[in-house]
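Let me put the structure up.

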Amino acid sequence: MSGEPKPTLLISNEVTDISKQCTSNYIFSYDKMLSLQGNTAPYLLYAYVRIQGISRKGDIDFSQLETDCPIVLQEETELALAKHLLSFDEVLSFIEEDLMPNRLCQYLFELSQKFNQFYDRCPVLQAEEPQRTSRLVLSNLTARTLKQGLALLGIAVLERM
């Protein structure tokens with residue numbers, strides 16, 4: 001029936017709204033939702049934007065990187081980031097079973113934290129080869145995972161903030 005409104009799923013632009021279990025009490029706060037700290041959409045978007053900044057600064061086209069190059073994980077933060085990236089499929093499987101999007105929010109928050117630690121401790125553009133390419137691939141995979149996870153939550157990524 002064309003005259004009837006179609007049901008829609010409303011998902012807030014802020015992860016804070018869905019980072020909590022749907023069975024817990026929720027108190028709305030603009031300050032918390034727009035914070036660049038904590039489990040919020042701006043924090044997650046900042047990690048994505050930071051990776052895009054690496055691309056711009058180094059004049060790197062991530063789509064041109066060889067995806068079959070060896071990944072060199074010498075630093076603890078590189079290893080932690082890589083391990084976390086590998087658990088994305090598992091998290092999606094859990095969400096499919098229990099229908100709790102807060103699990104995805106938590107995963108993306110932890111991914112952003114691990115990327116920021118990696119970025120702070122491991123030079124990407126200044127690294128020597130083959131570590132430079134390895135870190136670029138790891139950064140790109142992080143960006144792609146963040147973008148996909150945020151898209152599943154109904155949040156579009158930004159190239160700059």
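So, Asp-59 is exposed, at 71% relative accessibility; exposed means over 50% relative accessible area, buried means under 20%, and partly exposed is in between, using a 1.4 Å probe and protein chains only. Now, this is a predicted model, so local features need pLDDT of at least 70 and side-chain atom pairs count only at pLDDT 80 or more, while totals for chains, interfaces and linings use all residues. Residues are numbered from 1 along each chain as its sequence is written, and side-chain values use heavy atoms, with hydrogens and water left out.

Back to Asp-59: its phi is positive, about 50°, although the residue is not a glycine. You'll find Asp-59 in the loop between helix H2 (41-57) and helix H3 (76-86). Helices here are DSSP runs of H or I, at least four residues, numbered from the N terminus.

One more backbone item: the peptide bond from Glu-129 to Pro-130 is cis, with omega near 5°. Pro-130 belongs to the loop between helix H5 (102-121) and helix H6 (131-152).

On to the helix pair. H2 and H5 pack at about 40°, and their axes are 9 Å apart; the axes are lines fitted to C-alpha atoms over the stretch in contact, and angles run from 0 to 180 degrees between N-to-C directions. That makes H2 oblique to H5, since under 35 degrees is roughly parallel, over 145 roughly antiparallel, 65 to 115 roughly perpendicular, and the rest oblique.

Who's touching whom between H2 and H5? On the H2 side we have, among them, Tyr-43, Leu-44 and Arg-50, and on the H5 side residues including Leu-108, Phe-109 and Asp-120, with contact meaning heavy atoms within 4.5 Å. By class, that contact has 9 nonpolar, 3 polar and 2 charged residues. For the bookkeeping, Ala, Val, Leu, Ile, Met, Phe, Trp, Tyr, Cys and Pro are nonpolar, Asp, Glu, Lys and Arg are charged, and the others, Gly among them, are polar.

Last, the cysteines. Cys-105 is buried at 0% relative accessibility, and Cys-122 is buried as well, at 1%. How many disulfides does the count come to? It comes to 0, taking a disulfide as a pair of cysteine sulfur atoms within 2.5 Å.

Technical notes
Helices (H or I, at least four residues) and strands (E, at least two) are DSSP runs, numbered from the N terminus.
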